[in-house]
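Please read it alongside the sequence and the coordinates.

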Amino acid sequence: MCPSCTIFSKQTSKAEMSFPVFLLLLFLFKSDLSKSEADSRSIIIFSLEKATFFLENKYRDINLDAVFGFHVLQAHLKGALEKWASEHELLSHQARVERLVKKLSSLIEKATHSLEQSDPEYFKEFEPVLGPNFWMLPHSWNQTDSSLAYSMFDSSSCFTEEMSDKCITYLLGTWKDNGKSCVVTKACRNIMTKFGCSGYPLSHQLFYFMFAAMKGCLDHLFLKAQYYKNIFCASMMKINLVIESNGFKFSSRDIFMENNENSEHPSRVKDQEQLLRRVKRREKVFADGCSSHNTAVAVGVLGGFLYYY
């Protein structure tokens, strides 16, 4: 993941660069942060400062996932500053985060412009999610009911990335010029409510309902949104616990981190922390092993920890 590439020295190997920030996320996932909140905040802010340094050097080359990830990070940082306003013991943290927000504003604007120039067609399809007011921070936790998790998962791929993209553009209204938003086709309804999916298709189902909420879609399907989200979240938690029991194998770390965005504590799932959980769309891996997709996930979840804790 790219933030780790900037935390450690340039001589660090690619495998070593990926592992430390994964361990940081694992530590946060398993820890009771109330025991050392100040130290945890300081470590997270340091990591985000290095991630911002990465953005400063790579903003011309990152993909849409990473740009959106930094948008979400910025929203979390602003939310954290609002929560910390009356906590004088956090003045030093506030100053560092204020500098980050200011720097991110300029870099995100540059990255968004570069993305529009390098991939205009794809940018147009997902441009709404990069708007300054699209991302809304959730203010409460939802309890995850483990009994809702699937007893078995479908071993086959539930649907393709192209099918998911098309359904999302129907929600965003970018499926054609001046297209209507919040369109729910029969095909999209079927695949986005199909039970038993795992991995990236499962995450797509969850963020489909989250995009709908952000857009204010009123189709009767979304009257049952919480019902579906509860099932999806419980199933993601089940997958995470299996990954943990298997020793966090390298091949499972990406999906573990993404699921960690959905449940930063084994018994709780944030209701609207799902939009980053996107398939590796037009993934871009740099020469040093850094991944745009993992960057999006990492900065989003670390920003979320600052906001919620």
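Cys167 belongs to helix H7 and Cys188 to helix H8, so the link ties together parts that are 21 residues apart in sequence; helices here are DSSP runs of H or I with at least four residues, strands are runs of E with at least two, and both are numbered from the N terminus. The sulfur atoms of Cys167 and Cys188 are 2.1 Å apart, where a disulfide is defined as a pair of cysteine sulfur atoms within 2.5 Å. Cys167 counts as buried at 3% relative accessibility, and Cys188 is buried with a relative accessible area of 3%; buried means under 20% relative accessible area, exposed over 50%, and partly exposed in between, with a 1.4 Å probe and protein chains only.

By this sulfur-distance rule the count comes to three disulfides. Another of them joins Cys158 and Cys197, with sulfur atoms 2.1 Å apart, and at -120° about the S-S bond this link is left-handed. The pair connects distant parts of the chain, 39 residues apart, with Cys158 in the loop between strand S1 (141-143) and helix H7 (161-172), and Cys197 in the loop between H8 and helix H9 (199-215). Both Cys158 and Cys197 are buried. In the disulfide of Cys182 and Cys217 the sulfur atoms are 2.1 Å apart, and the torsion about the S-S bond is about -80°, so this disulfide too is left-handed. Cys182 sits in the loop between H7 and H8 and Cys217 in the loop between H9 and helix H10 (225-245), so the pair ties together parts that are 35 residues apart in sequence. Cys217, at 8% relative accessibility, counts as buried.

## Backbone and helix geometry

Most residues other than glycine have a negative phi. Against that background, Cys182 has a positive phi, near 65°, and Asn178 has a positive phi, near 55°. Asn178 lies in the loop between H7 and H8, which is also where Cys182 is placed. Asn178 counts as exposed, at 81% relative accessibility.

How far apart are the end C-alpha atoms of H10? They are 30 Å apart, which agrees with the 30 Å that its 21 residues should span at 1.5 Å a residue, the expected span being 1.5 Å times one less than the number of residues. H10 is followed by Gly247, whose phi is positive, near 85°. Cys233 is buried, with a relative accessible area of 8%.

## Salt bridges

A search of the whole structure finds five salt bridges, each defined as a side-chain nitrogen of Lys or Arg within 4 Å of a carboxyl oxygen of Asp or Glu. One of them pairs Arg96 with Glu49, the closest N and O atoms being 3.0 Å apart. Arg96 lies in helix H5 (residues 91-118) and Glu49 in helix H3 (residues 37-58), so the bridge ties together parts that are 47 residues apart in sequence. Arg96 is buried, with a relative accessible area of 19%, whereas Glu49 counts as partly exposed at 25%.

Glu56 and Lys103 meet in a salt bridge at 3.1 Å, N to O, and this pair links helix H3, which holds Glu56, to helix H5, which holds Lys103, across 47 residues. Glu56 is partly exposed, with a relative accessible area of 35%, and Lys103 counts as partly exposed at 35%. Arg189 and Asp219 form a salt bridge at 3.4 Å, N to O; Arg189 lies in helix H8 and Asp219 in the loop between H9 and H10, so the pair ties together parts that are 30 residues apart in sequence.

## Confidence and conventions

The protein chain averages a pLDDT of 79, and 73% of the residues score at least 70, pLDDT being the predictor's confidence in each residue, from 0 to 100. Confidence is lowest in helix H1 (residues 2-7), at a mean of 32, and highest in helix H8 (residues 186-192), at 97. Over residues 1-23 the pLDDT is below 50, and beyond near neighbours in sequence this stretch has 44 contacts in the model, a contact meaning heavy atoms within 4.5 Å. Over residues 262-281 pLDDT stays under 50, and the model has 108 contacts beyond four places in sequence for them. Where pLDDT is low, the predicted coordinates should not be read in detail.

Residues are numbered from 1 along each chain as its sequence is written, and side-chain values use heavy atoms, with hydrogens and water left out. Local features need pLDDT of at least 70 and side-chain atom pairs count only at pLDDT 80 or more, while totals for chains, interfaces and linings use all residues.
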